[in-house]
Amino acid sequence: MRYRLHINGATRQVEVPAEMPLLWVLRNELGLVGTKYGCGKGFCGSCTVHVNGAARRSCQLPVGSVGDAQIHTIEHIGSTATGAKLQAAWLKIDVMQCGYCQAGQIMSACALLGQAARPSDEQINSAMAGNICRCACYNRIRSAIRIAAGMEEESGHVA
Amino acid sequence: MSPEAPAMLDRRAVLKASLLAGGGLALEALIPLPASALEAMGERSSAAALSAFVSIAPDGTVTIVAKNPEIGQGVKTSLPMMVAEELDCDWSQVRIAQADLDSKRYGEQSAGGSTSTPKNWLPMRQTGAAARAMLVQAAAHEWKVAAGEIATARGRLFHQASGRSLGYGEVASRAAALTPPDLGSVPLKRPDEFTIIGRPVVGIDSARIVRGEPIFGIDTRLPGMLYAIYQVAPAHGGRLVKADTDAAMRSPGVRYVLPIRGNGDADTGLADGVAIVATNWWLAEQARSKLQVEWNLSAAKGHSSTEYRAKANAAIDAGAGGDLRLDGDPSRKLAAAAKRIAARYDYPFIAHAPMEPQNCTARYRDGHLEVWAPTQTPQRGLEALQRALGLAPESVTLHLTRAGGGFGRRLMNDYVLQVAAIAMAVPGVPVQLLWSREDDIRRDYYRPGGWHHFEAGISAQGELIAFSDHFVTFGDGTTPARAAAFNASMPPAGLIQDLRYRQSMIPTVVTTGALRAPGSNALCFASQSFLDEVAQAAGTDLPRLMLGLLGTRREIPGRDNAAVFDTGRARDVIERVMQTSNWSGSTPQSGRAKGFAFYFSHRGYFAEVVDASVARGEVAVHKVWVAGDIGSQIVNPLGAENQVRGAVIDGLAQALTGQAIEFVDGVVQQSNFNDFPLARMPMAPEIDIAWVRSDRPPTGLGEPALPPVIPALTNAIYSATGQRVRSLPVRLSA
């Protein structure tokens, strides 16, 4: 099947089966490798993208169901105000260890801040619970979200 | 000169200076590590050499080669920091270039065992200092002044008397013509002069990571590349009998279906399998269900978790096995003790599950294999390619990619062999092999399970006077399986007179391997939990029992190549965590309490306290206090604290999320993160870290913070509920 997809503000054409998850269209057909494969079952959140602004697991999203929706990936997120703030906060306290899951983490965090500009700790925990970080950088992910939301000053010490 | 220098130096160190193409100084050091230095760190290897490469371009850009694999432990940043510190340049001038595998040029290139920091601490700094000395000498010639009159700072040279100054780049070409100084005699900075080491430095790849740039092995893309899966036998040790590939071949996008006979070594060799190679990985994965393969699974019959458990208990009941260590006469002391306690502990196999599933990319053409590999041990990968596939090392080019986590899984190179076998079957076609998460969970080199039967004797005065542990592990009866060995130096060995460590083995077809803090991650749980029982029975608590056992400050030599154990350093971290956690001021409430544990592993001393509560069988961890001694210097505090927090949460997850790999006739029963769960954000507690600085050279931090947190947690659960956790993962009655 031939699909016209709206990805990161551009229209991209692919010819793939309708059941192919968006993740594999991005990674193997379009060269957008920032979105990561972690489990293929929607358990880990490494493949999180935005579909019309909402965080979605792209490994669970058949390309045939995407239609005219606007897709945004980690490659694009820095050109949004919230995405840029999150990237800056991530670097300010150097959130990551191996870094593999961080694209998915940032995409989930960005969707969270789109819904709650000043999220509570409970909101952060709940919105981010679907994203596994095997290196367990969770304390810093929480802090970086709070920094990006203007709720926490970087103090050089992350609890 | 630092006091640790002579032990680490070797006269055969080679330092070569040359002119960079386009001008500037290139300096390379190849430094053999003497066996004595490695032995002091508890390593057997004696042929290791280290290298350091630094160059300074005419525009002042400093390029430092990162030779070791980066798996998230931060060495791609922290080792260059050591060079840059002594070079006395500004960190913003530094660029880092990832090296390919080239043993002749770079010496040892590996990541594992928390060894990068202790091995490189001196050579990296010496190389930076040598480059600085050459730049100073070049400026001295330029200005016709004595080298001693020249100072450096932030990549510039200053002659205060005349007010002149030059950038490093301006004299770099001139320096390239000089004879390099003797590596052992270049002066090194005092720690109070450090401007880069000890400061928080953001990881060198972090900016690329947050932008989603291609940086991991799985991101490798080559023109015309195809994607592959590799289907292996459902049970460990299974062999391929025959494969019907027709249906899979007709599946959309599939280009090749390749039955591959391994070399009969399913452990470090190439396992039998069937590769499906397609235009898109998902299409290859879809075709998997169409494969019709007959496997011979007879080798795995009876290799089931229930049978392993029955055999272990039978071995303990029979008092089977042999002594690993026998000090004094523990049987007599036990019989004579005023109080005796005994308990059995066990823990399951667990998987590594790094977030980036196993993958590797290769292209074979004109008899040459080019590989892009996220591996912790590229040199071993090269050896395995020769052994399993007959590829001479000179016929292989191996590029190191960043790895999305290692935790010990990527010490093994099975995926390298698999993709090489596939690439050799389709010459000229680049292939990326990617395992599904199910492949990863079902074909790991697992942390092996183990069983312990402990006995302790306590005197009327409340002293531990006899101790024994009968350990049942996996192995062929002579040698334990990989990462299944005991540690005969484990406390309280060396701290009491009468002690026995005994071992029996169960054969297994399951592949086992090192998982973060191998050995220690499990031994610490069992031994520090049982010592907590000893402390209760003796009317004290575990930190006080440990302080009493440790006694005066002294060094105890390790057995079987184990590192020297310094009781003073152990005392210091225990006392520190008792302070930071307000141990003595806390009284357990019903349902909420603190627990303590200590361990020494990978040259690091860690004492940890966990504050946990239990309600209706559910455990919540509120806070963890860590006191650690990894020597005189934390190289990069930003990275160091991340390693500690990660290790602590990793350990909590091993205990609390239900992690266990189980087998039925060699078939793994778990498959993905639904049935092999990892830590998630809501369970991450606040973690307080206190560094205890001793006067020893810095050691590594990938592993030693993990082991104590598990028994500190289970000891807290006991204090809070009276339920003693003697089996992992934690399962409490509601």
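How are H3(A) and H4(A) oriented to each other?

What we have here is a predicted model, where local features need pLDDT of at least 70, side-chain atom pairs count only at pLDDT 80 or more, and totals for chains, interfaces and linings use all residues. Residues are numbered from 1 along each chain as its sequence is written, with chains lettered from A and ligands numbered from 1 in the order in which they are written.

Okay, chain A splits into domain 1 (2-76) and domain 2 (78-148), with bounds from an automatic or database domain assignment. The C-alpha centres of those two domains of chain A sit 20 Å apart. Where they touch, domain 1 of chain A puts in 16 residues and domain 2 of chain A 13; contact means C-beta atoms, placed from the backbone, within 7 Å.

Now back to the helices, which are DSSP runs of H or I, at least four residues, numbered from the N terminus. In chain A, helix H3 (residues 81-92) packs on helix H4 (residues 102-115) at about 130°, axes 10 Å apart. Those axes are lines fitted to C-alpha atoms over the stretch in contact, and angles run from 0 to 180 degrees between N-to-C directions. So H3(A) and H4(A) are oblique to each other; that's whatever is left after under 35 degrees (roughly parallel), over 145 (roughly antiparallel) and 65 to 115 (roughly perpendicular).

Who's touching? From H3(A), the contact includes A:Leu86 and A:Trp90, and from H4(A), A:Ile106 and A:Leu113 are among the residues.

Conventions: Two residues are in contact if their C-beta atoms, placed from the backbone, lie within 7 Å. Helices (H or I, at least four residues) and strands (E, at least two) are DSSP runs, numbered from the N terminus.
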